Amino acid sequence: MSYRLGLPAWAFPGWKGPYFPPDRPMLESYATVLNAVEGNTTFYRVPDAKTISAWRQAVAARDFRFCLKLPRSVTHERRPNREDLKRFLAAIEPLGDHLGPLFVQFPATLGPDDLPQVERLFEQLPRDRRSVIEVRHRAFFDSPALLEPLLESFDLGRVSLDSRPLYEGDREHPEVQDALHEKPALSVLPKVYNGLEFVRLILHPDLPSNERYIREWARRIARSIANGYESYMMIHCPNNMHCPPLAKTFHETLMAQAGMGDLKALPDWPVPQQGRLI
């Protein structure tokens with residue numbers, strides 16, 4: 001069963017104590033219960049060899065995947081920094097089997113006319129590792145077929161960014177107002193490309209506002225698992241304190257779906273010394 005559940009980080013300080021033991025390294029604690037993470041730190045800087053070694057050691061005993069975001073100098077500049085891309089790929093290579101799909105995120109300014117540039121970038125990524133692409137230009141949602149030749153050529157997954165809980169919940173909530181400027185309101189496409197589903201579910205701090213979306217995605221992920229797809233679910237929230245319990249709620253909702261009998265429950269908070277996702 002190729003299902004992975006993660007958060008946008010593993011080292012939010014407020015998680016120590018309520019969710020993870022205060023006397024253990026955060027990544028080591030995180031990896032005892034969740035089996036993936038969305039690595040946003042690499043968007044801002046390429047990690048050094050010592051950092052990568054520490055990450056690998058922290059998850060060495062686990063079936064764990066880092067989904068690392070390409071540097072912004074590669075994806076968010078009109079003239080991508082190819083040297084930064086080379087440094088990034090060389091730096092993360094020692095993670096080996098702990099590397100999940102490379103996360104290639106583009107800004108809303110990148111549109112259909114820029115696809116030749118995007119293709120040149122993917123030509124420089126290793127073909128033996130899978131990648132997922134996140135686009136935010138509305139043309140790719142009004143006409144999904146625009147991106148499909150690229151997806152097929154490079155065997156890519158297409159990220160599903162679902163921010164509906166933010167926009168359909170209480171927009172006046174103080175924790176939501178800033179997030180509305182960062183998370184676009186875009187359509188959620190029903191199709192899974194090339195057997196790789198990668199979801200970024202942006203949930204609302206007002207927890208009851210999320211119930212319908214959690215149920216909807218639990219049904220969809222259950223279908224993907226039944227179809228043999230590789231499925232990643234990344235749980236976000238404007239207030240990171242809510243992310244661990246929201247992930248647990250999603251997992252429990254998925255467990256209740258037909259055919260999910262092999263999934264084990266996540267441990268209660270704070271995470272004990274033993275316990276894992278599946």
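Reader: On what basis are local features and residue numbers given?

Author: In this predicted model, local features need pLDDT of at least 70 and side-chain atom pairs count only at pLDDT 80 or more, whereas totals for chains, interfaces and linings use all residues. Residues are numbered from 1 along each chain as its sequence is written, and side-chain values use heavy atoms, with hydrogens and water left out.

Reader: What makes the eight strands an open sheet, and in which order do they lie?

Author: The order is E3-E2-E1-E8-E7-E6-E5-E4, with parallel pairing. Strands (E, at least two residues) and helices (H or I, at least four residues) are DSSP runs, numbered from the N terminus. Two strands count as paired if DSSP finds at least two bridges between them. Strand E3 (65-68) and strand E4 (102-105) each pair on one side only and are the edge strands. From one strand to the next, the twist averages 25 degrees.

Reader: How do you know that strand E1 and strand E8 pair?

Author: Strand E1 (residues 3-7) and strand E8 (residues 230-236) are joined by four bridges in the parallel sense; the definition asks for at least two, so the two strands pair.

Reader: What makes a space a pocket, and what makes a space a cavity?

Author: Both are sets of points on a 1 Å grid over the protein atoms alone: in a cavity a 1.4 Å probe fits but cannot get out, while a pocket is an open set with protein on both sides within 12 Å along at least five of seven lines. Lining residues have an atom within 4 Å of a point. Grid points are joined across faces, edges and corners, and a volume is the space filled by probe spheres set on the points.

Reader: Which residues lie closest to the centre of the largest pocket?

Author: The largest pocket holds about 640 Å³ of space. Among its 25 lining residues, Pro8, Asn40, Lys183, Arg200 and His236 are the closest to the centre. Strand E2 (36-39), helix H2 (41-44), helix H10 (174-182) and strand E7 (196-202) each give two or more residues to this lining.

Reader: What makes a lining residue nonpolar, polar or charged?

Author: Ala, Val, Leu, Ile, Met, Phe, Trp, Tyr, Cys and Pro count as nonpolar, Asp, Glu, Lys and Arg as charged, and the others, Gly among them, as polar. The lining of the largest pocket accordingly has eleven nonpolar, seven polar and seven charged residues.

Reader: Which element gives the most to the lining of the second largest pocket?

Author: H12 does, with four residues. This pocket has about 160 Å³ of space, and its lining includes Leu207, Glu211, Pro245 and Thr253.

Reader: How many cavities of 30 Å³ or more does a search of the whole structure find?

Author: The search finds two. The largest cavity has about 100 Å³ of space, and strand E6 (residues 157-162) gives the most to its lining, with four residues. The second largest cavity has about 40 Å³; E7 supplies the largest share of its lining, three residues. Arg158 and Ser160 are among the residues that line the second largest cavity, and both also lie among the residues nearest the centre of the largest cavity.

Reader: Why is Gln117 called buried?

Author: Buried means under 20% relative accessible area, exposed over 50%, and partly exposed in between (1.4 Å probe, protein chains only). Gln117 has 16%, so it is buried. Its place is in helix H6 (residues 115-123), and, residues up to four places away in sequence aside, Gln117 touches Glu77, Arg78, Pro80 and Arg82.

Methods. Axes are lines fitted to C-alpha atoms, for helices over the stretch in contact, and angles run from 0 to 180 degrees between N-to-C directions. Contact means heavy atoms within 4.5 Å.
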